[in-house]
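Reader: I have a model open and want to learn how to read it. Where do we begin?

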Amino acid sequence: MKDAFNQTYLLQVLEELLITPSPSGYCHQIMEKIKKMVSHLGYSMEYTQKGCGVITIPGAKSDYTLGLSAHVDTLGAMVRSIKSSGTIRFTPIGGYMMSSIEGEYCTIHTRNGKKILGTILPIQPSVHVYADAKNLERNESNMEIRLDEAVSSKEDVENLGIAVGDFISFDSRTVLLNNGFIKSRHLDDKAGVAILLGLLEWLHRTGIKPQYTLKVFISVYEEIGHGASYIPNDIQELIAIDMGAMGDDLTCTEQDVSICVKDSSGPYDYHMISHLQSLAKENNLSYALDVYPYYGSDVSAALRGGQNIRGALIGPGVHASHGIERTHINGMLNTLALLSAYIQNGAPTIV
Ligand SMILES: [Zn+2]
């Protein structure tokens, strides 16, 4: 079943998405790229007011609408202030450990379109100079950005065009290995967006019609909590495609499609989960049912936003999430195969 999908396309799209900066709140450029990718496949994408994308694919029947969402926004940061030393104090966007971005190369995106490079460091960055460098707590006030420019004052930095409120993106460090592993920042949730584009490529190439109207929703602002708080009103059920959590007592690996039964926002829809599980079994897909202890999804945002839907959450296993993440092409293909089965087999029976 997994052979039906175009792996080359999937990986090309994934890489292109991963290397395009899109911290939450700064997604307009990547959304234009996605709009072009979608139109190359013969579909069109419309924007909601806050910049999410909606792609409608007609189904064999039009009396039911299934939504599939993935978020393209990622972790990042913003310039909070410019220090008198010529370094940048930043405020985080999204939830991550400061230790996971220490040493990372980054880009400051000024409002007039300049890109200025830098490195994220603790304020005591050298063991040869600071006695407590090793023990310094890695928290927001103890971290700063060293710009790769000859600056030594606040004025020097301002003269570069950098100002409070400029977005900061982290280098993704994307590596696609021959054995199928993919390591990169931001696999959460660009792997999910690539899977949805892979699904569109498959629908376009094969001419297969989903059983019901399909609305693919590309959300922005998920990492800060309200991504899919609004979705088109005709969507009756929503599957969020987002990273599968791994570790501790969870059973998912990077090779599997993870079906989330419950996360911090509570249990997902009983009937949809049962339907997804039986489709995974019938199609011999490698899958795991897991409870994610600290997690919320676009389905959680949609339900909190008052949407009248049922929801589920699936996705490829991603190790070390919100850090230096890793997944595997098999996890992506298992997710894609499960979605393709779901859209051809209609809504679950409600008893
Ligand atoms: Zn995510």
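Author: With the core. The largest nonpolar core has 102 residues. L196, L276, I314 and L338 have the most contacts inside it. Helix α4 (residues 187-206) gives the largest share, 11 residues. Domain 1 (2-74 + 186-344) and domain 2 (76-170) both supply residues, so this core lies between them.

Reader: What kind of model is this, and how are residues numbered?

Author: This is a predicted model: local features need pLDDT of at least 70, side-chain atom pairs count only at pLDDT 80 or more, and totals for chains, interfaces and linings use all residues. Residues are numbered from 1 along each chain as its sequence is written.

Reader: What counts as a nonpolar core, and what counts as buried?

Author: In soluble globular proteins, nonpolar side chains tend to be buried together. A nonpolar core is a set of buried Ala, Val, Leu, Ile, Met, Phe, Trp, Tyr and Cys residues joined through C-beta atoms within 7 Å. A residue is buried if 20 or more other C-beta atoms lie within 10 Å of its own, exposed if 12 or fewer, and partly exposed in between; C-beta atoms are placed from the backbone.

Reader: Which residues is L338 in contact with?

Author: Contact means that two C-beta atoms, placed from the backbone, lie within 7 Å. Leaving aside neighbours within four places in sequence, L338 touches V257, L276, L279, A280, L285 and I314.

Reader: How do the domains meet?

Author: Domain bounds come from an automatic or database domain assignment. The C-alpha centres of domain 1 and domain 2 lie 32 Å apart. At the contact, 11 residues of domain 1 meet 11 residues of domain 2. The domain 1 side has five nonpolar, five polar and one charged residues. For these classes, Ala, Val, Leu, Ile, Met, Phe, Trp, Tyr, Cys and Pro count as nonpolar, Asp, Glu, Lys and Arg as charged, and the others, Gly among them, as polar.

Reader: Now the sheets. How are strands and their pairing defined?

Author: Helices (H or I, at least four residues) and strands (E, at least two) are DSSP runs, numbered from the N terminus. Two strands pair if DSSP finds at least two bridges between them. Take the open sheet of three strands, with order β10-β11-β18 and antiparallel pairing. Its edge strands, β10 (175-176) and β18 (325-328), each pair on one side only. Four bridges join β11 (residues 181-184) to β18. Across that pair, F181 stands opposite H328, and S184 stands opposite E325.

Reader: Which way do the residues of β18 point?

Author: E325 and T327 point one way. R326 and H328 point the other way. All four are buried.

Reader: Which helix packs on the sheet, touching β11 and β18?

Author: Helix α7 (residues 329-344). Its direction makes about 60° with that of β18. Axes here are lines fitted to C-alpha atoms, for helices over the stretch in contact, and angles run from 0 to 180 degrees between N-to-C directions.

Reader: How is β4 paired?

Author: Strand β4 (residues 76-82) joins strand β5 (residues 88-93) over six antiparallel bridges. Two bridges join β4 to β9, also antiparallel. M78 has a bridge partner in each: T91 in β5 and F167 in β9. Five of the seven residues of β4 are buried. The hairpin of β4 and β5 has five residues between the strands, and G86 there takes a positive phi near 95°.

Reader: Which residues is V157 in contact with?

Author: I82, G86, L147, V151 and I162, leaving aside neighbours within four places in sequence. V157 is found in helix α3 (residues 154-159). It is buried, with 24 other C-beta atoms within 10 Å.

Reader: Are R173 and H186 buried or partly exposed?

Author: R173 is partly exposed, with 15 other C-beta atoms within 10 Å. H186 is buried, because 27 C-beta neighbours lie inside 10 Å.

Reader: Which peptide bond is cis?

Author: The bond from D188 to D189, with omega near 5°. D189 is found in helix α4.
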